[in-house]
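Visitor: I have a model open and a few quick things to ask. Can we start with the terms?

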Amino acid sequence: MASNLLAKNKHTILYAVALALLLFLLKWLELKLIIVDNAYEIYMGAIAVFFTILGIWLALKLTKPKTVVVEKQVYVNNGPEFTINQTEVEKLGLSKRELDVLQLMAEGLSNQEISERLFVSLNTIKTHSAKVFEKMEVKRRTQAVEMGKRLSIIP
């Protein structure tokens, strides 16, 4: 049945294929003439599109924020009552007053507030803080507080 359909419409199919090929040839020639006549504009347009895409890609690459994931251990005291680890205090060589200053740092008080609470001068608190940092081998208050909690020196 399919061969019968092809035999009946053989001339129509050949005519359609010939027209399609002729249309393809005309479009190809038209495109070729357009490219030849407007070659400079087409090349300039292609270069402009290339650099536009390159610029967008670079802008996205350079302005994308870099995400850094920092994993940090959090030390939680699950015990009902906190006890100071005296062996660590003695190993570090912290005095009672330095331990008090570290405790108040952990509460979030400033040097001025610590000096007012302990009834000493601001310079004395700065000296105690410097000694705590030196003995604990840290550079910042947050590092000192973290180490103090990790060593169970402060709650």
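Guide: Contact means heavy atoms within 4.5 Å. Buried means under 20% relative accessible area, exposed over 50%, and partly exposed in between (1.4 Å probe, protein chains only). Helices (H or I, at least four residues) and strands (E, at least two) are DSSP runs, numbered from the N terminus.

Visitor: And the source?

Guide: This is a predicted model, where local features need pLDDT of at least 70 and side-chain atom pairs count only at pLDDT 80 or more, while totals for chains, interfaces and linings use all residues. Residues are numbered from 1 along each chain as its sequence is written, and side-chain values use heavy atoms, with hydrogens and water left out.

Visitor: Which residues are buried in helix α8?

Guide: Ala144, Val145, Met147 and Gly148, in a helix that covers residues 141-150. Down the axis of α8, the buried residues fall within an arc of 165 degrees, so they line one face of the helix. The arc is taken from the directions from the helix axis to the C-beta atoms.

Visitor: What do they pack against?

Guide: The buried residues of α8 pack against α5 (96-106) and α7 (122-136).

Visitor: Switching to Glu88: buried or exposed?

Guide: Glu88 counts as buried because its relative accessibility is 16%. Glu88 sits in helix α4 (residues 86-92). Apart from neighbours within four places in sequence, Glu88 contacts Leu151 and Ile153.

Visitor: How many aromatic pairs?

Guide: One. Rings of Phe, Tyr and Trp (its six-membered ring) pair if their centres lie within 6.5 Å; planes under 30 degrees apart are stacked, over 60 edge-to-face, the rest tilted. Phe50 and Phe51 are edge-to-face, at 5.2 Å centre to centre and 75 degrees between the planes. Phe51 is exposed, at 51% relative accessible area.
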